[in-house]
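Biologist: Hi, could we go through this model together? I have a handful of questions about who touches whom.

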Amino acid sequence: MIKVSDHAKKKVMELMTDDGYNPSTDYVRVGVKSGGCSGLSYDLKFDKEQADDDKVFEDNNIKIIVDKKSFLYLIGTTLEYSGGLNGTGFVFNNPNANRTCGCGESFSL
């Protein structure tokens, strides 16, 4: 399961609405792809439909879909939002990552 912090929830709902998505019916798609300075990077986008092999979660009133391949890398992850002086954006707190890069956008196992 993927969790969503309160601060991330507010920002997700705001961005979904701004982009023409409905937070109560549409999804946040979270995935993992090759790349980044640590080997794997996170992929985050909005989606209106789920595929047959997607895992579906809901936390803090946010619907999340994860493709089957990415799911194993993301179990137990919390999506947070940082708006501090060191940068603004979504942050993944992933207990499965052995190493992360300085910007927090990529990781390795």
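Biologist: Which side chain does T77 meet in a polar contact of 3.4 Å?
Modeller: The side chain of N94. A polar contact here is a pair of N or O atoms within 3.5 Å; within protein, one must be able to donate a hydrogen and the other to accept it, and residues adjacent in sequence count only if both atoms are side-chain atoms. Keep in mind that this is a predicted model, where local features need pLDDT of at least 70, side-chain atom pairs count only at pLDDT 80 or more, and totals for chains, interfaces and linings use all residues. Residues are numbered from 1 along each chain as its sequence is written, and side-chain values use heavy atoms, with hydrogens and water left out.

Biologist: Thanks! Where does T77 lie, and is T77 buried or exposed?
Modeller: T77 lies in the loop between α2 and β6; helices (H or I, at least four residues) and strands (E, at least two) are DSSP runs, numbered from the N terminus. At 1% relative accessibility T77 is buried, where buried means under 20% relative accessible area, exposed over 50% and partly exposed in between (1.4 Å probe, protein chains only).

Biologist: What else does T77 reach?
Modeller: Its side chain comes to 2.9 Å from the backbone oxygen of L74. Leaving aside neighbours within four places in sequence, T77 is also in contact (heavy atoms within 4.5 Å) with M1, I2, K3, F92, N93, N94 and P95.

Biologist: Now aromatics. How many aromatic pairs are there in the whole structure?
Modeller: A search finds 4. Rings of Phe, Tyr and Trp (its six-membered ring) pair if their centres lie within 6.5 Å; planes under 30 degrees apart count as stacked, over 60 as edge-to-face and the rest as tilted. One of the pairs is Y42 with F92: the centres are 4.0 Å apart and the planes at 15°, so this pair is stacked.

Biologist: Which strands hold Y42 and F92?
Modeller: Y42 is in β3 and F92 is in β7 (residues 87-93), so the pair ties together parts that are 50 residues apart in sequence. Y42 is buried at 11% relative accessibility, and F92 is buried as well, at 12%.

Biologist: What is the geometry of the pair Y81 and F90?
Modeller: Edge-to-face, with 5.0 Å centre to centre and 70° between the planes. Y81 is buried at 17%, whereas F90 is partly exposed at 23%. K11, in helix α1, is in contact with both Y81 and F90, leaving aside its neighbours within four places in sequence.

Biologist: Which lysine lies over the face of F71?
Modeller: K55, at 5.3 Å from the ring centre. A charge sits over a ring if NZ of Lys or CZ of Arg is within 6 Å of the ring centre and within 35 degrees of the ring normal.

Biologist: Let's talk strands. How does β2 pair with β3 and with β5?
Modeller: β2 and β3 are antiparallel over 8 bridges, while β2 and β5 are parallel over 3 bridges; two strands pair if DSSP finds at least two bridges between them. K33 stands opposite S41 in β3, and the bridge partner of R29 in β5 is I65. As for cover, 6 of the 8 residues of β2 are buried.

Biologist: Which residues touch the most other members of the largest nonpolar core?
Modeller: V12, V28, V30, I64, V66 and L74, in a core of 20 residues. A nonpolar core is a set of buried Ala, Val, Leu, Ile, Met, Phe, Trp, Tyr and Cys residues joined through side-chain atoms within 4.5 Å. Elements that each supply at least two residues of this core include α1 (6-18), β2 (27-34) and β5 (62-66).

Biologist: Last one: what is the phi of N60?
Modeller: Near 55°, a positive value in a residue other than glycine. Most residues other than glycine have a negative phi. N60 is in the loop between β4 (55-59) and β5, and N61 in that loop has a positive phi of about 65°.
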